[in-house]
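The sequence and coordinates come first, and the notes follow.

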Amino acid sequence: MGQLNLRQVQKFYGTYKVLKCIELEVKNGEFVVFVGPSGCGKSTLLRIIAGLDETTAGDIVIDGERVNDLPPVKRGIAMVFQSYALYPHMTVFENIAFPLRVEKMPEEKLKAKVEHAARILHLGERLQQKPGMLSGGQRQRVAIGRAIVREPKIFLFDEPLSNLDAALRADMRIELAKLHRQLKATMIYVTHDQVEAMTMADRIVVLNAGEIAQTGAPLELYHKPANVFVAGFIGHPRMNFLPVTCKGASDAGIEIDCLGQTAIIPVYPRAGMVGATLTLGIRPEHIEIGSGDLSLTITPSVIERLGAHTVAYASLGEDGENYCATLPGTVALRTDEPVKTGIRAADCHLFDQNGMAFERRVEMTDIDMALFDPAAA
Amino acid sequence: MSQPAMINRYRWYELVGIYAGIFLFLSFILAPFVEGFLVSLKPLGLLFSSPYRFWPENGSFEAYRTMWVSVPGFARYIFNSFFISTIVTAVVLLLVVPSAYAFARFKFRGSGALLAAFLAVNMFSGAVLLIPLFRLMRSLGVLNTYFAMIVPGVAFLIPSAIWLLRTYMMRIPRELDEAAFVDGASHFYTLRRVILPIAMPGIAVVAITTFIGSYAQQFIFALTFNSKTEYMPLPIGLYAYFGRQEVVWNELMAASFVGIAPAVIVIFFLQRYLVSGLTAGAVKQ
């Protein structure tokens, strides 16, 4: 079992609030990713769960037991550090065996466990080498090996892939996802890389300035971001935001005025919004060449041709706000030549003055059958 | 032939300048040694011949044999020096390793003040404190023992050793401690299994400086706190070659060279541990 509850966890450094009242439940066997910009408190939160830092207030509960005052090893957690933190003077075998040596496990049992871990991580031939002789990916696997020999209830990963190059990171992502399925353990993973978050997580916790901005499945965050921050943070390139005026609300959605055009955005309206300035959000990948419910003529200043798609950057409006469009395939665009682009109203996101989203009229089951929960039906 | 890196290539006049500078300063350090060695080879009668000859005529190693005869206790003095320095080094290491670890890793009230105090103590030379120390030793009744020479030696060498080792240990990534802590290791287990092996080059440096420091400073403590011949260390023992009428210069020089030999041997063995790059692969830098 590895079920974790965070109850109103707070952390202050003097008067600076690193974490403001974090409330979270992690189910047994879940892969939860904490994601957020640097300084949002995600690593602090992980270190608090690990027992390396203490909370200012609030409880950490693992499997129903309050563990605030327990050392890491008694909490049943294992942690993989960003810098690997391998012991350079020990062989790979001894590195992986370290936690077992601490608990004075008999030699035979220890050997079997280390070899089992090495087999899972494909480190069999490296056991007698020192960490200095290994590549980055192998070192990371040794660090993971040291975590899995103890068979903890909860694995904690602190940006474990951020020191690897892009290709290796993609490989390790897949290996970690496999490992999670194999071990069926609860994993909590901290990253600032949204690709890692989107690809590996069962559930993503987006943190912003010490608060949980939103918790949800990857596609839920993508399709139904709760606020401007999550909308801007999830998705690459960033979502475009345009100021619009609310002209009316009906069952069909909210009617908006955007640069002289009107459109009805299919969201659940709230009362008293007429006349207010709202924010329209549109993801770059939802912009098409030609016309749509809303049409915008943009003049790209930079064009990135990536083969699979073409990214055009333009400035919009008087204050020259960045506007970005990701177009599928190779598109015949030239810099400084105007091009007409269209947006479908159904793809749009709408946020109120406080940056909170109006819920979109999309069913998650329409997006991905995997998200359909038969038990709830 | 491989060329040295661009920044290490010099014009001929630059090379001449460099070597001239090296020669100038090195000669100040090495000339006494050369002179001392040459004196040890000369028969005593030739030493005061006029005109003075730098190179020994019919030089021999005779003084290296007669020195043992004219001062029979000399082997004992070497042993004493070696013994005192070894014990001092061992005690210093035993105390300094855990305390340097504590200063490097733990935040506790007064750690900054303590470190500053250690530095301040170092500004006093042992000589300033000789008389209070003498009175202390006398009231404790430990004058004329090894103890009287070892304890002040340890006390005066601890501060610099702590500073040296603390700096080294602060360079060891903190994640290693944290990883060990997460894996259930206690502070002492972490120190013994993780920090000690990685800090070995730093500990070797501390051991060497402490050993040399102790070898050098025992003179002043031995002179004050000890009057027993059998406990005399080497620097005091050398006075035995100062006779009533004359100084046996050639034997004195020979004895000096023989006396530093054990220290040289110890340093030779310790420097094996001075390998750098031992932390390679611990963390990504």
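## Backbone exceptions

A:Pro237 sits in the loop that joins helix 9 (228-233) to strand 11 (240-250) of chain A. The model is a predicted one, and in it the peptide bond from A:His236 to A:Pro237 is cis, with omega near -5°. Most peptide bonds are trans, and most residues other than glycine have a negative phi.

Two further positions concern phi. A:Glu159, in the loop between strand 7 and helix 6 of chain A, is not a glycine but has a positive phi of about 40°. A:Glu159 has 19 C-beta neighbours inside 10 Å; a buried residue needs 20 or more, so A:Glu159 counts as partly exposed. In chain B, the loop between helix 6 (130-140) and helix 7 (146-170) holds B:Asn144. The phi of B:Asn144 is positive, near 60°, and the residue is not glycine. B:Asn144 has 15 other C-beta atoms within 10 Å and is partly exposed.

Strand 8 of chain A covers residues 186-191, and six of its six residues are buried, so the strand is largely enclosed by the rest of the structure. The burial applies to both faces: A:Thr186, A:Ile188 and A:Val190 lie on one side, and A:Met187, A:Tyr189 and A:Thr191 on the other.

Strand 8 of chain A pairs with strand 3 (residues 31-35) of chain A in the parallel sense, over five bridges. Within this pairing, A:Val32 is opposite A:Ile188. Strand 7 (residues 154-158) of chain A also pairs with strand 8 of chain A in the parallel sense, over five bridges, and here A:Phe155 is opposite A:Met187.

## The antiparallel sheet of chain A

Chain A also has an open sheet of four strands, paired antiparallel in the order 2-1-4-5. Strand 2 (16-26) and strand 5 (65-66) of chain A are the edge strands, each pairing on one side only.

Strand 1 (residues 4-13) and strand 2 of chain A are joined by seven bridges in the antiparallel sense. A:Val9 stands opposite A:Ile22 of strand 2 of chain A.

## Nonpolar core

Which residues of the largest nonpolar core touch the most other members? They are A:Val33, A:Ile49, A:Leu156, A:Ile188 and A:Leu350, in a core of 166 residues. The largest share of this core, 13 residues, is supplied by helix 4 (residues 74-105) of chain B.

Leaving aside residues up to four places away in sequence, A:Leu350 touches A:Ile254, A:Ile265, A:Val267, A:Leu278, A:Leu280, A:Ala357 and A:Phe358.

## Chain B

Chain B contains twelve helices and zero strands. Its radius of gyration is 24 Å, whereas the globule rule gives 19 Å for 285 residues; the value is well over that figure, so chain B is more spread out than a compact globule. The C-alpha trace of chain B spans about 75 × 70 × 30 Å along its principal axes.

Of the 285 residues in chain B, 32% are buried. Among contacts in chain B with a separation of 6 or more, 81% are between residues 24 or more positions apart.

## Contact between the chains

How many residues of chain A are in contact with chain B? There are 25, and they meet 21 residues of chain B. On the chain A side, helix 2 (72-75), strand 6 (77-80), helix 3 (92-102) and helix 5 (136-148) each supply at least two residues. Helix 3 of chain A gives the most, with three residues.

By residue class, the side of chain A that touches chain B consists of 17 nonpolar, five polar and three charged residues.

How values were computed:
Residues numbered from 1 in each chain as written. Chains lettered and ligands numbered in written order. Predicted model: local features only at pLDDT ≥ 70, side-chain atom pairs only at ≥ 80, totals over all residues. Contact = placed C-beta atoms within 7 Å. Nonpolar A, V, L, I, M, F, W, Y, C, P; charged D, E, K, R; others polar. Rg over C-alpha atoms; globule rule 2.2 N^0.38 Å. Buried ≥ 20, exposed ≤ 12 C-beta atoms within 10 Å, placed from the backbone. Core = buried A, V, L, I, M, F, W, Y, C linked by C-beta atoms within 7 Å. Pairing = 2+ DSSP bridges.
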